[in-house]
Amino acid sequence: MFEDVTFNFAGKVALVTGVASPIGIGRAIMRGLAAAGAAVAGCDIDDDLLAEAAVELPDAFLRNVDVRDRAQVAAFVRDVAARFGRVDILVNNAAVAPFRAIVDLDEADWDATFDTNVKGYFLFAQAVARLMIDQGQGGSIVNISSVSVHESGQHKAHYCASKAAVGSLTKGLAVELGRSGVRVNAVEPGAVDTLIVKDDYLAGLLSSWDEDPGLPINRIARGEDMVGAALFLCSDAAAYITGASILVDGGGFAGGLLPDDVLRAYEVAMK
Ligand SMILES: NC(=O)c1ccc[n+]([C@@H]2O[C@H](COP(=O)([O-])OP(=O)(O)OC[C@H]3O[C@@H](n4cnc5c(N)ncnc54)[C@H](O)[C@@H]3O)[C@@H](O)[C@H]2O)c1
């Protein structure tokens, strides 16, 4: 739970996509924004988990919206503005990661990945940016990207390509919207223990992570670990930051760790 609330979003209206999972990054960020005083709206396509979110956050405006559908996105943004009077913050978070080797990947999985992870971010950014420009008081858009912006890997080439597109889209939006006072930045999570990585395919990987995540910060992230960076970028403390990204990866990209047996041999040699 994100309890150390050091931001104040009183009077602000925030919209977060992909908020249904109770252990997801989107729910954690919506929780954090609400705890810091924002009026929050969220969407997802998982009705059961959305109903559970409504119990946890009864004041949140929650709707089933498919981020791939322009009409649904436009209607939701209009409804949020009608309900709360304005929108100040957008967190683009909803994404899918159907893990497959590139030789097995079918066109439907490619399309689902790019339609959700890239087109969905574009549709929400466009609808909210138009509203923010009309409101005339700027705003902040945070795209949940990934360390995959910087590297690819086995069975996720399509997912990583979609996140690389999000990295570029973040910069392009920042350039186009900066003069309107709308800042656009990204959070780049490393491995986070959420439903997106909890399918059967990755079960073995997760248990090996539990034993040794291989990170300078010696644990896999939880959704809550992304809240601080997201709220910072949404806040006035980041007033001069746009087109930037914050890596939140437990130090994974800072450098690799030596294997335990090599370290043990080193310690013996140093005695
Ligand atoms: N978990 C990780 O290791 C990790 C690492 C780097 C980046 N990320 C990114 O973090 C973000 C959140 O992922 P998460 O790890 O919390 O996973 P998650 O699966 O818990 O969250 C994704 C949410 O998006 C929703 N969603 C999927 N398709 C949708 C659609 N068409 N319309 C509306 N909602 C839709 C899902 O129902 C789900 O609730 C994603 O952008 C993901 O790429 C995750």
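1. Helices here are DSSP runs of H or I with at least four residues, numbered from the N terminus. By that count, A74 sits in helix 3, which covers residues 70–84. The model is a predicted one.

2. Is A74 buried, exposed or partly exposed? A buried residue would need 20 or more other C-beta atoms within 10 Å of its own, and an exposed one 12 or fewer. A74 has 15 C-beta neighbours inside 10 Å, so A74 counts as partly exposed.

3. A74 can also be placed against D236. The two are 162 residues apart in sequence. In space, their C-alpha atoms are 27 Å apart.

4. Now the ligand. Around the ligand are 28 residues, of which G18, G24, A95, T194 and I196 come nearest. Two elements give two or more residues to this shell: helix 1 (25–35) and strand 2 (39–44). By type, the shell holds 15 nonpolar, nine polar and four charged residues.

5. Helix 1 also packs against helix 7 (residues 227–234). The angle is about 55°, and the axes lie 9 Å apart. Helix 1 is therefore oblique to helix 7. The crossing of helix 1 past helix 7 is right-handed.

6. Which residues of helix 1 and helix 7 meet? From helix 1 come A28, I29, G32 and L33. From helix 7 come V227, A230 and L231. This contact has six nonpolar residues, one polar and no charged.

Terms used
Residues are numbered from 1 along each chain as its sequence is written. This is a predicted model: local features need pLDDT of at least 70, side-chain atom pairs count only at pLDDT 80 or more; totals for chains, interfaces and linings use all residues. A residue is near a molecule or strand if its C-beta atom, placed from the backbone, lies within 6 Å of it. Ala, Val, Leu, Ile, Met, Phe, Trp, Tyr, Cys and Pro count as nonpolar, Asp, Glu, Lys and Arg as charged, and the others, Gly among them, as polar. Axes are lines fitted to C-alpha atoms, for helices over the stretch in contact, and angles run from 0 to 180 degrees between N-to-C directions. Angles under 35 degrees count as roughly parallel, over 145 as roughly antiparallel, 65 to 115 as roughly perpendicular and the rest as oblique. A crossing is left-handed if the near helix is turned anticlockwise from the far one by less than a right angle, and right-handed if clockwise. Two residues are in contact if their C-beta atoms, placed from the backbone, lie within 7 Å.
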